[in-house]
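Please examine the model shown below alongside its sequence.

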Amino acid sequence: MGLPTPDTGHIAKPEYVSVYEPAEDTYLLLDALENDRAELKRQQPTICVEIGSGSGCVTAFLGQLLDTSPTLIISTDINPAAVNATIETVVRNPSQAVFIQCHTRFLQALDSRLYGNIDILVFNPPYVVTPTSEIDSTDEASTWAGGRHGREVLDQLLPQIPQLLSPSGRFYLVVIEQNKPDDIIQALSAHGLSGKRILSRKAGREQLSILRFIFHQS
């Protein structure tokens, strides 16, 4: 029996109007993580990070997924309303994990000692193809506006991924076809990471996929 989707009913509050609500891309990411549940539990992750937590649905789900492991789950978002929404979500969906929420872009405000120690890294980026001028133009736009190829925000993070992950770390990334997933896989392969599509689903006009990256196995 699958894990329940975390309760995010509070996102309907007026103060959370700028927060990205759980949608098809969120649920696809939850399914991908749950499909890997046995492997993740064997990995016994101690530090997990979600970049761009939005409602906190994925962060709370990770807590439930790894409930028997002593796990620190850090979530970040550049929208302060999303930080507060994530705090409320993890309270409404308790687990044994320890949660920390941070108002920052990517991991900029976090201690550099995290580098090389993140066991699970998750990112559902703003992936919609838009003019560059729309990126971060509003709190709402920061959840979806991705610029050229929907990649301008993501491409700022990609070079950091190999330095962020622990030796056994995993990176889960949400993409659409316009983001050129094969190019992303090739780019990270040059930095020691093997990537593949592990789950795909059609959502309206978008073909959503989850990419998973781990370090090349010797």
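In this predicted model, the side chain of Asn179 lies 2.9 Å from the backbone nitrogen of Ile176. Asn179 itself belongs to the loop that links strand S5 (165-176) with helix H7 (181-189). With a relative accessible area of 1%, Asn179 is buried, because buried means under 20%. Leaving aside residues up to four places away in sequence, Asn179 touches Tyr127, His149, Gly150, Arg151 and Ile184.

Attention may now turn to a pair of strands. Strand S2 (residues 72-77) and strand S3 (residues 98-103) run parallel and are joined by six bridges. Within this pairing, Ser75 stands opposite Gln101 in S3.

The last topic is the cysteines. How many disulfides does the model contain? The count comes to zero. A disulfide requires two cysteine sulfur atoms within 2.5 Å. The cysteine sulfur closest to that of Cys48 belongs to Cys102 and is 14 Å away, so the distance is too far for a bond. Cys102 is likewise in no disulfide, as its nearest cysteine sulfur is that of Cys48. Are these residues buried or exposed? Cys48 is buried, at 0% relative accessibility, and Cys102 is buried with a relative accessible area of 13%.

Note on methods: Residues numbered from 1 in each chain as written. Predicted model: local features only at pLDDT ≥ 70, side-chain atom pairs only at ≥ 80, totals over all residues. Heavy atoms only, no water. Helix = DSSP H or I, 4+ residues; strand = E, 2+ residues; numbered from the N terminus. Buried < 20%, exposed > 50% of the residue type's maximum accessible area, 1.4 Å probe, protein only. Polar contact = N/O pair within 3.5 Å; in protein donor to acceptor, adjacent residues only side chain to side chain. Contact = heavy atoms within 4.5 Å. Pairing = 2+ DSSP bridges.
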